[in-house]
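Welcome! Open your viewer, get your selection tool ready, and let's take a short walk through this model.

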Amino acid sequence: MAVNTKRRAAGRGPQGAERGVPPQAPARQPAEEEGSLVERVKAKDAQALEALYRRYCSRVYRQAIALVGNEAEAEEVVQEVFLTLYEKAKTFRGEAAFSTWLYRLATNAALTRLRRRKRTKEVSYEDYLPKYEPDGHHLGGAGSVVDWSQDTEKLLASKELHGILRQALDQLRPVDKAVVMLSDLEGVPNREIGQALGLSVPAVKIRLHRARLFLRGRLAVTLGHSPF
Amino acid sequence: MARRSIVGRAQSAICREITDLLLDYLTGELDRGTASAFEDHLRLCSDCVAFLNTYKKTVHVTRSLRYESIPAELERRVRRFLRERTQKGRRGR
């Protein structure tokens, strides 16, 4: 079967050109022969594995470190992903893009580690999601939502906001964190995220939206405003 | 979950419905009528404008996060590990 090596518009997926949200810089894409390299790995060609490793190790590492948060476990994830690639390449049938398959391997390896961890005190999403009056308008009536979007530049420049956001990301449920990482950091289209995580596209969108609402609420509180 | 259409009722559309449509609005996945009603509502509701702006800022900050590249020594270590494991596999055949 032909291997699906289709390329994604780099950096952001098809849903990526969001209004008013600057896209990430395009990532470099594999130049050629990905399909034949995968076929060679299926035949236990170690050189082909190394070629794919060189091509994808940075991306897999970035995904791993973003999810597990420390270098030692990220290294384990990278090892596991490429070893699994070598041992189970035959199970890759080319129905999804090869990169999607790797996302799945990396995400599963990272999520396994996250789920093993003793859960620290769980933060309730509900405390940070928007609240509404019984008639569906924002809680507190007209003028209750503060637009703090212009107050963040100083914090952004000092990287303080990034530290706050990383903490908030760590409070997301593991699958939600994976969805945000794949969508907003890697620019993976929702369809591929769904394939990688075993979720439908609507489920991906619901998780992404809810996670973003939670992050927004956390940022609002940090900046001294109501999360609602 | 089925959503009630907001087309033709920008004034009566409620903020909860607008929040539910944010993600699709930002990715341009709303049909023209719904997007137009969404924007009509924004012209009437400063709270939803503020909410939209802060939601977009959150996405912007998330996208500007950068995680470090793979450290060179770690990259070499894993490469060596893979070589050893694949050679062992070949010898074991």
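Begin by selecting helix α2 (residues 46-68) and helix α4 (residues 98-116), both of chain A: their axes come within 10 Å and cross at roughly 35 degrees. Keep in mind as you look around that this is a predicted model.

From α2(A), pick A:Leu52, A:Tyr56, A:Arg59, A:Val60, A:Gln63, A:Leu67 and A:Val68. Facing them from α4(A) are residues including A:Phe98, A:Leu102, A:Tyr103, A:Ala106, A:Ala110 and A:Leu114. If you colour the residues of this contact by type, you will find 11 nonpolar, three polar and two charged.

Next, select chain B. How many helices and strands does chain B have? There are four helices and zero strands, and along the sequence they read α-α-α-α. Chain B has 93 residues, and 51% of them count as buried.

For the last stop, bring both chains into view. Their contact takes 50 residues from chain B and 67 residues from chain A. About 5500 Å² is buried between the two chains, and carbon and sulfur atoms give 62% of that area. Finish by selecting B:Asp47, B:Arg63 and B:Tyr67, the residues of chain B that lose the most area to chain A; together they make up 15% of what that side buries.

Key:
Residues are numbered from 1 along each chain as its sequence is written. Chains are lettered from A and ligands numbered from 1 in the order in which they are written. This is a predicted model: local features need pLDDT of at least 70, side-chain atom pairs count only at pLDDT 80 or more; totals for chains, interfaces and linings use all residues. Side-chain values use heavy atoms; hydrogens and water are left out. Helices (H or I, at least four residues) and strands (E, at least two) are DSSP runs, numbered from the N terminus. Buried means under 20% relative accessible area, exposed over 50%, partly exposed in between (1.4 Å probe, protein chains only). Axes are lines fitted to C-alpha atoms, for helices over the stretch in contact, and angles run from 0 to 180 degrees between N-to-C directions. Contact means heavy atoms within 4.5 Å. Ala, Val, Leu, Ile, Met, Phe, Trp, Tyr, Cys and Pro count as nonpolar, Asp, Glu, Lys and Arg as charged, and the others, Gly among them, as polar. Buried area is the accessible area (1.4 Å probe) that two parts lose on being put together, summed over both.
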